[in-house]
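Dear colleague,

Please find the structure below, with its sequence. My notes on it follow directly after.

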Amino acid sequence: MTAEGDIRDLLVIGGGINGCGVARDAAGRGLSVTLAEMSDLASATSSASTKLFHGGLRYLEYFEFRLVRESLIERETLLRAMPHIAWPMRFVLPYHPDMRFESDTPTSKLLNTFMPWMRGRRPAWLIRLGLLLYDTLGGRKILPGTTTVDLATAPEGRALQPRFAKAYEYSDCWVEDARLVVLNARDAEARGARIMTRTQVTSAEAQGGLWNVTLKDTRTGASQIIRARTIVNAGGPWVGDVIRDTVHSRSTDSVRLVRGSHIVTRRLFGHDKCYFFQGTDGRIMFAIPYETDFTLIGTTDQEHEGPDTPPVCTPEEQAYMVDFVNAYLAQPISVEDIVWTYSGVRPLYDDGSSSATAATRDYTLKVDKTAGAPVINIFGGKITTYRRLAEGVMDLVSDLSPDLPGKWTAGVPLPGGDFAVSEVEAKIADLARAYPFLSAAWARRMIRAYGTDAHNVLGTAKAASDLGQDFGATLTAAEVDWLMDREYASTADDIVWRRTKLGLRLAGQEITTLETYMQRRDNAAAAE
Ligand SMILES: Cc1cc2nc3c(=O)[nH]c(=O)nc-3n(C[C@H](O)[C@H](O)[C@H](O)COP(=O)(O)OP(=O)(O)OC[C@H]3O[C@@H](n4cnc5c(N)ncnc54)[C@H](O)[C@@H]3O)c2cc1C
């Protein structure tokens, strides 16, 4: 087989947040980009996060000031560009003197030296100091700062055991992680990138300084070869496999796979704030209002054997998280209360840290030319830093092709996000007025998912029946068609677990009906 067509400037391997963020940035600078994702967009780590745009309060204990500062500043930049899929959230951190540091953080080592009588406990003044840093490092404009909460009187105290008298409350942001990935892919395509899902990069051979890359359609098995100047390896958990087995480089950098799991229960508390619980083992756990009627609890840190082992939330992890939150909740929960779990694998740069919790969450970018043409390998990173990471990749690309235009993505809205953070409620009201048949929850869901594009999804409909087949839980054919035509969805799972989270509400039979509809639609398109 020989290479076909033009030479692409970039071939991006992986349609997670980092690959899609790089594709968008590169396409916007006029580079020709092809992105190949072997499964669905965001099918791996990027739909399995805790879904926070956050500085990472915990990382202050590791003195990761660069990462925390960059992430804190980035929160508001991202929020402005996507006020539909991201929103400010307040975090309530109940204080109790028994809370302990993980024993090998730089902070705990310092405290053990100078205040050995604390025996690893986190003193209140240190938490306050950390929050003061958190408030000031990142130049907040939209997000409110830290306050103290009297749990005996505040509504946030009701869900907690009475032994918690005081809490601190600080700001971070929520983001719909899987939608963030898809919107970056859509914007990349709108700027000229070619986005190929269900397409695996099976090999790449360097020839005369260019890459001949073999792409395999995972549905039909058909292969094609394309040529590219540079490969961006955004393979996430597979980054090491791509280095070794696909591009055959001699790079010695390696990845550390750390699994994190979450559990979802029915809603455990009435307010819309999130809890930040600290354990006596030095770890932390979030309990977050989720999808209106649910609570999301996570996460864990477990070494994970290999990228091809599907990450699952083990019974031990489930029990650990249940016990963790039960140390705080007034009404204890049990594993029977769990309605859904998910797990993802953090593709961390192997910095030789002793524990999974201690391994750096910062990203590392490496240019590797040992195979005869350039590859940029991406390790680690966070959802929160994806845009800055993409800029970092572009800096490395500009070393290879010096005429590249400068940075452009800060403040440029993602599709549907062309309105101010303060206008969300007005947008929901506008939509409800334009489509009076929508319930309040439905209108909210549409704006939160699609922003101003919600009008395009609903089109000229005057009644719910104009939106075609009703699959349940407000999912209609009009939305499914949009997701298949504009958002790369091709299976029911793509829709019910990534483009939306309606899998939490739809019955098994309803999902089967959706799958049948999608297959029929695909077959009809193929027959045309
Ligand atoms: C439990 C957990 C909680 C987290 N919480 C947060 C949080 O709250 N906030 C935050 O900022 N960050 C968080 N993160 C970190 C964040 O989720 C990850 O850093 C980020 O999603 C990594 O994205 P990625 O694009 O590098 O990898 P991925 O999303 O895994 O994407 C890699 C993609 O590459 C594809 N691929 C691999 N090999 C090939 C190939 N040969 N051909 C084609 N495609 C290929 C895969 O199919 C995959 O889709 C969390 C991570 C975990 C695990």
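A backbone N or O atom of Met38 lies 3.1 Å from a nitrogen atom of the ligand, a polar contact in the sense of a pair of N or O atoms within 3.5 Å. On the backbone of Val201, a polar atom is 3.0 Å from a nitrogen atom of the ligand. The side chain of Thr384 places an N or O atom 2.6 Å from an oxygen atom of the ligand. Taken alone, the ligand exposes 1,000 Å², of which the protein buries 97%; accessible areas come from the Shrake-Rupley method with a 1.4 Å probe.

The model is predicted: local features need pLDDT of at least 70 and side-chain atom pairs count only at pLDDT 80 or more, whereas totals for chains, interfaces and linings use all residues. Residues are numbered from 1 along each chain as its sequence is written, and side-chain values use heavy atoms, with hydrogens and water left out.

The shell around the ligand comprises 37 residues, the closest being Glu37, Ser46, Leu52, Gly381 and Thr384; a residue belongs to this shell if one of its heavy atoms lies within 4 Å of the ligand. The shell divides into 13 nonpolar, 20 polar and four charged residues. Here Ala, Val, Leu, Ile, Met, Phe, Trp, Tyr, Cys and Pro count as nonpolar, Asp, Glu, Lys and Arg as charged, and the others, Gly among them, as polar.

Helices (H or I, at least four residues) and strands (E, at least two) are DSSP runs, numbered from the N terminus. Axes are lines fitted to C-alpha atoms, for helices over the stretch in contact, and angles run from 0 to 180 degrees between N-to-C directions. Angles under 35 degrees count as roughly parallel, over 145 as roughly antiparallel, 65 to 115 as roughly perpendicular and the rest as oblique.

Helix H2 (residues 65–81) packs against helix H8 (residues 386–400) at about 105°, with the axes 9 Å apart; the two are therefore roughly perpendicular to each other. Glu70, Glu74, Thr77 and Leu78 of H2 meet Tyr386, Arg387 and Arg388 of H8, where contact means heavy atoms within 4.5 Å. Two of the residues in this contact are nonpolar, one is polar and four are charged.

For helix H10 (residues 440–450) and helix H12 (residues 477–486), the axes come within 14 Å and cross at roughly 5°, so H10 and H12 are roughly parallel. Arg445, Met446 and Tyr450 of H10 make the contact with Glu479, Trp482 and Leu483 of H12. Four of these residues are nonpolar, none is polar and two are charged.

Helix H13 (residues 492–499) and helix H14 (residues 508–527) pack at about 125°, their axes 8 Å apart, which makes H13 oblique to H14. Ala492, Asp493, Ile495 and Val496 of H13 contact Ile511, Leu514, Glu515 and Met518 of H14.

Finally, two points concern the backbone. Most residues other than glycine have a negative phi, and most peptide bonds are trans. His248, not a glycine, has a positive phi of about 50° and lies in the loop between helix H6 (239–246) and S11. Gly298 and Thr299 are joined by a cis peptide bond, with omega about 20°; Thr299 lies in the loop between strand S14 (294–298) and strand S15 (302–303).

With kind regards

Note on methods: A polar contact is a pair of N or O atoms within 3.5 Å; within protein, one must be able to donate a hydrogen and the other to accept it, and residues adjacent in sequence count only if both atoms are side-chain atoms.
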